[in-house]
Amino acid sequence: MFVFGRYLLHSSSRPGGLPANLQGLWNDSNQPPWAADYHTNINVQMNYWCAETTDLADSHRALVEFIRQVAVPSRVATRSAFGANIRGWTARTSQSIFGGNSWQWNTVASAWYAQHLYEHWAFNQDLGYLRDTAYPLIREICEFWTDRLVEDGTGHLLAPQGWSPEHGPREDGVPYDHQIIWDLFQNYLDCAAALEVDAEFRATVADRQARLAPDRIGRWGQLQEWRTDRDDPHDRHRHTSHLFGVYPGRQITPAGTPELAAAALVSLRARCGRSDGGPVSDDTVTGDSRRSWTWPWRAAIFARLGQAQPAWSMLRGLLRHNTLDNLLCTHPPMQVDGNLGITGAIAEMLLQSHEGVIHLLPALPPHWADGSFAGLRARGGYRVDCVWRAGRVTDFTITADRTRRRAPVRVCIEGRELLVEPR
């Protein structure tokens, strides 16, 4: 399943071509489901979760170029919808190959796109790409949000009229919006620091980030999906948009924000049918939650939270409930995001680097007691190889093949942090 996902992304996304859509590029109809388009509230992004971590950076370039091109018509659509004087741009939930927008506005669509622009830099350390392509686009998207955020009367800033995708009402200050905006601002700050530019705008963005209304923990210990504490512990909705800050974001972590991470786990377990505190398995995930792309997202979130067994159960659930005999995933109908997303999630179970530390085997399930991987990628420009036996690392190699930095690298193994000289 892991190797097949890499093959599918490599096959459906190459430099100079279009990015992988909802069906990748496997479509036999002039009227395919959802027009074989690009959904900006999880699907197109999930398609690329394995691009950098599994060493398919070239495939990522097709999405980068799509974002650069789609920005042109999206600027026009954004000013038409949000005001002639607003800077930057965003998009609706559904986009076509020509940049057309349809269905509801996903006002953080471009900010989520920007994460991919940043990640391509973070893994590959190409300053020319950062300066000429990623940075100008990320900065422009930041301008949209520095113009759009509004005061709440207490000193905090809110994203107006947001949405937790395909779930609930539109209102100010939705956590999904705020977590993605925080991520956008952090990515911008990192990029600007790397280029040593725009000190004044950096200060503006840092101020806006610090004043974003924070996440809240609700009455049953959950990470709230809305500012109002109205989450239902028996809700089995397919989306987990309010957990973006865990994955694919980096705002909420067990080490850095333990209370929020614990609340995120409560929310995720409830969506998986376990608000009662019992063990999560693929059988407890029912109804609307059984979707091709739902399993990979939850697997990756569990992995980021260090929950190996539930992460493995999400992989098992995808195979049992939403995978065809030929290994293609079905929503239903067929969608490729399950295949591509689960490859990214498996990589996340074996290697993480979003906190500035290369973490080996952060969510290794007991079913994988002995094993190895070679050629996974870590942020900063590193290749990582690893061997383990009985669940314990026995050998590993860090190779600095895409970075000029030769300083020691922080590596976490079984809870211990080491400084390692990369090759």
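These legends accompany close-up views of a predicted model.

**View 1. A nonpolar surface patch includes Phe98.** Leu18, Ile97 and Phe98 make up this patch. Its area is about 340 Å². Phe98 sits in a loop, with β2 (91-95) on one side and β3 (101-106) on the other. The relative accessibility of Phe98 is 71%. Exposed means over 50%, so Phe98 counts as exposed.

**View 2. The largest cavity has a volume of about 150 Å³.** Of the 15 residues lining the largest cavity, five are closest to its centre: Tyr48, Trp49, Glu119, Tyr247 and Arg379. The search of the whole structure found three cavities of 30 Å³ or more.

**View 3. Helix α4 (residues 109-124) contributes the largest share of the lining of the largest cavity.** That share is four residues.

**View 4. Pro362 lies in the loop between β9 (358-360) and β10 (371-378).** Pro362 has a relative accessible area of 13%. The cut-off for buried is under 20%, so Pro362 is buried. Leu351 is 11 residues from Pro362 along the chain. The C-alpha atoms of Leu351 and Pro362 are 6.5 Å apart.

Technical notes. Residues are numbered from 1 along each chain as its sequence is written. This is a predicted model: local features need pLDDT of at least 70, side-chain atom pairs count only at pLDDT 80 or more; totals for chains, interfaces and linings use all residues. Side-chain values use heavy atoms; hydrogens and water are left out. Patches are made of residues with over 30% relative accessible area and no salt bridge: like charges are joined within 9 Å, nonpolar side chains (Val, Leu, Ile, Met, Phe, Trp, Tyr) within 5 Å. Accessible areas come from the Shrake-Rupley method with a 1.4 Å probe; for residues, only the protein chains shown count as cover. A salt bridge is a side-chain nitrogen of Lys or Arg within 4 Å of a carboxyl oxygen of Asp or Glu. Helices (H or I, at least four residues) and strands (E, at least two) are DSSP runs, numbered from the N terminus. Buried means under 20% relative accessible area, exposed over 50%, partly exposed in between (1.4 Å probe, protein chains only). On a 1 Å grid over the protein atoms alone, a cavity is a set of points where a 1.4 Å probe fits but cannot get out, and a pocket is an open set with protein on both sides within 12 Å along at least five of seven lines; lining residues have an atom within 4 Å of a point. Grid points are joined across faces, edges and corners, and a volume is the space filled by probe spheres set on the points.
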